[in-house]
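Work through the exercises below with the sequence and the model side by side. Each task is followed by a stepwise solution.

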Amino acid sequence: MHRSYQSILPTHNKLLQKRWDDTYYNEHRRKVRTAHSMVDTRAPPTYMHLHLKLKKLQLEEERLATIERDNRILLEKMSYVMRTQGRVDNRNNYEYKSLNREKRQRELLRVTKENQSILNRITSRMPEYNVTKWNNDWEENQKFMDNIAHFPKEWWVTQRQQSNARKRTGGKSRDKTTVSKRGSSSQSKSSQEKTKSPEPKVQKKEDVQEEEGTKKEIEQEEE
């Protein structure tokens, strides 16, 4: 085996060189296996006193023991009361007595007297402003405004009332005008047939103009 070994470095004895190389290699592998990291990446150590809090458990046990003892004492008392008539009745004839009642009553009387005096002063006080004078001034100002105004006071209300009255009376007058116009037109036609003069043509034109004028007036009143 050692004769076929090809060493990297020049050597006179291949056997010794192979043994030396194997020794160096095994030493290197051992150092690699036993090498320690320069940075500690291990998890931090766990301390039992941080996870298991014995003092807290002890306090909780003491609290539960106290509650259990109180419940047991209360149960014994309740059972004793149920078995017997009890040692104490529920009547309490104590009358509440306040040591500060007279002072509070005097303070209440003082406050009520002050409130009553304030109320009397307010009710007996005469007003600083005269309402009748304000009304007279307002009426006088209204007169001045009416004198300098271009249109009369509340002219739109009167105009609206007049238009409503015209609409109400417009239907009746319209019927009367149509009847009178029809009668006049029939009379003019009969006179035209009798006379057969060129004047009826002029009268017809005038009648048409009058009818158009009345129609326009009616439309304006309706608007």
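This is a predicted model: local features need pLDDT of at least 70, side-chain atom pairs count only at pLDDT 80 or more; totals for chains, interfaces and linings use all residues.

Residues are numbered from 1 along each chain as its sequence is written, and side-chain values use heavy atoms, without hydrogens and water.

**Exercise 1.** Determine how many helices and strands the chain has.

Solution. Take helices as DSSP runs of H or I with at least four residues and strands as runs of E with at least two, numbered from the N terminus. The chain then has seven helices and zero strands.

**Exercise 2.** Find what share of the 223 residues is buried.

Solution. Buried means under 20% relative accessible area, exposed over 50%, and partly exposed in between (1.4 Å probe, protein chains only). By this rule 3% of the residues are buried.

**Exercise 3.** Classify the partners of the salt bridge between E60 and R63.

Solution. A salt bridge needs a side-chain nitrogen of Lys or Arg within 4 Å of a carboxyl oxygen of Asp or Glu. For E60 and R63 the closest N and O atoms are 2.7 Å apart. The two residues lie three apart in helix α3, so about one helical turn separates them. E60 is partly exposed at 35%, and R63 is partly exposed at 44%.

**Exercise 4.** Classify the partners of the salt bridge between R42 and D40.

Solution. Their closest N and O atoms are 2.9 Å apart. R42 is exposed at 67% relative accessibility, and D40 is exposed at 53%.
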